[in-house]
Amino acid sequence: MRIKVTADIPFGNACGVSVADSPGGPVVSFEPHPHGGPECLWFCFRVICSKGRARGRTGGVAGGKSLRLVWTNLQNALGGLPPEKLRPVIRADDGDWERLPPGTGEVLPDGRCNAIWTIPVPGKHADVAFCYPYGAPELEALLRETGGYWKADRIGSSQAGRPLLRLSNSPGEKGSGRPGLYLVARQHSGETPGSWVLDGFLRRVAERGDRAPLVWAVPLANIDGVEGGDYGKDNFPYDLNRAWGNPPMRHETLVYQRDMKRWKERCRPILCVDFHAPGGSENDGAYLYLPRPDGFPDAHRAASEWASAIAAGLTREYASEKFARVADYASRWETPTLTAFCASVLKIPAFTIETPYGSVGDRQLTREDYRAIGSRMADVAIERAWRTRLE
C-alpha cells in the first residue's frame, strides 16, 4: 500500500509531513503550517491510500488495518496542550465529517510533545482537519437553504482581490428606528467554530422573517486567509482584528468600517458581535470578551447586560461558568480591535464570542451544536431588540 499526504485541498494546511511504517501499521506525522505568521493551530490535509510501493517524505510502504496520525511538536501550537482535550475531525472517502476521539499524549525524551490518534486505514482517502471546515460551499448552502432570505453583496475586495461579501436581510432606510445588528466572523481565518455559530444565528434570523431586526453580516472576513488555509491569528502583515484604528491597517478593515457606518445610518444600532474561537484545547464552554471597563466603561456596562442574557440562553450546556471576561493577555499589536472600534467610534455595544473547537467538557461539539449556540444567541438578540424598542 502506498500512503501519500497532500495539503492541496480546500483550506489545506500542513507541513513537516512524513510517512513511516511501524509494526501496527502506517504512521503519518504532521504539523500545522504557520503560513508566515507567529502562531499556528489550523491544519487540513488529505491522506491518500493506493496500491503499490513508494518511498520518500510523503510516501511509504505500509500494511495493516490501522493508521496512526501523529501531530508533532504540539507545544508550538496556540493552546495545543493538553492533547487529551483535542478533538479534530475526519472525513473518510465520501462520508461525512466525524470527530476523532481525544488525543493521546506522547512526551519525547527531550520534552517535546506529540498527540496521537489511531484511525482505520481509509479505502481511498481521508481528509483530516482541526475542526469542521467552513468556506464558500458552506456559505452557499446557507443562502440556498434559507430560501433567498439573505442577500449577498460584494462590498469591496480583499488585499488579494477576492470579493468581500456581506449578507443582509434588508438595505435599511436612513433614519430608520428598526433595531440593527452587525455580525462578523473569521477575522482569524482558521477559527471555523465562529462561522458555524454565525451560520446558526443567521438561520434563526431567517426563520423570524420580517419580525427580525435589520441584520448585516460578514461571514468570511479574512477571505484570503480562509482560502489560503491560514490560521490567521496575529498573521502578518497585520492581524485583521488588530487593524481597526484610524487609519485602518488592512484594506478589508477599511471596507468593513465604511460598511458599518452605512449600516448605522439605516437602523437603530444595538449590537455588534465578533465570532471567534479560543486556544486549541480550551473546552470549558463558550464565553465572551467584553470591552475594557477602564477604557470604555459605558460600552463595558452595556455589553455586560448582553452577556448576562446570552449566558442564560446558552445555559451551562454550552456556556462557560466564567462567561463574561475581559482580555488581559499581551498583544503583538497596539492598534484597536473591532469591539474597540465599536465602543470608541460607533458608540454601540459589542463583544467577542469564543466557541471551543472540539468539546464542552465531555460533550463533543457537532455542527448542530454550533448552530444551536448561534440560534439561541439570535433568540436573545431578537427578544432584546424589540423589547428595547418598546422601552
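These legends describe close-up views of a predicted model.

**View 1. Eight strands make an open sheet.** The strand order is β11-β12-β14-β13-β15-β18-β16-β17. The pairing is mixed. β11 (151–157) and β17 (319–325) stand at the edges. Each of these two has a single partner strand, so one side of each lacks a neighbour in the sheet. From one strand to the next, the twist averages 20°.

**View 2. Strands β13 and β15 run parallel.** β13 covers residues 179–185, and β15 covers residues 268–276. Seven bridges join them.

**View 3. Strand β10 pairs with β4 and with β6.** β10 spans residues 125–129. Four of its five residues are buried, so the rest of the structure largely encloses this strand. With β4 (residues 44–50), β10 pairs in the antiparallel sense over five bridges. With β6 (residues 89–92), the sense is again antiparallel, over four bridges. Find A129 in β10. A129 is the bridge partner of C44. A129 is also the bridge partner of V89.

View 4. Which residues of α4 are buried? They are E252, T253, V255, Y256, Q257, D259, M260 and W263. An α-helix has 3.6 residues a turn, so residues three or four places apart point the same way.

**View 5. The largest pocket has a volume of about 850 Å³.** Its lining holds 35 residues. R242, A327, Y329, S331 and T337 lie nearest the centre. The elements that give two or more residues to this lining are β16 (286–289), α6 (338–346) and β18 (350–354). By class, the lining has 15 nonpolar, nine polar and eleven charged residues.

**View 6. The second largest pocket has a volume of about 270 Å³.** This pocket is lined by 18 residues. Nearest its centre lie F11, R91, W97, P133 and E138. Two or more lining residues come from each of β4, α1 (136–145), α2 (192–208) and α7 (367–390). How many polar residues does the lining have? There are no polar residues; ten are nonpolar and eight are charged.

Note on methods. Residues are numbered from 1 along each chain as its sequence is written. This is a predicted model: local features need pLDDT of at least 70, side-chain atom pairs count only at pLDDT 80 or more; totals for chains, interfaces and linings use all residues. Side-chain values use heavy atoms; hydrogens and water are left out. Buried means under 20% relative accessible area, exposed over 50%, partly exposed in between (1.4 Å probe, protein chains only). Two strands pair if DSSP finds at least two bridges between them. On a 1 Å grid over the protein atoms alone, a cavity is a set of points where a 1.4 Å probe fits but cannot get out, and a pocket is an open set with protein on both sides within 12 Å along at least five of seven lines; lining residues have an atom within 4 Å of a point. Grid points are joined across faces, edges and corners, and a volume is the space filled by probe spheres set on the points. Ala, Val, Leu, Ile, Met, Phe, Trp, Tyr, Cys and Pro count as nonpolar, Asp, Glu, Lys and Arg as charged, and the others, Gly among them, as polar. Axes are lines fitted to C-alpha atoms, for helices over the stretch in contact, and angles run from 0 to 180 degrees between N-to-C directions.
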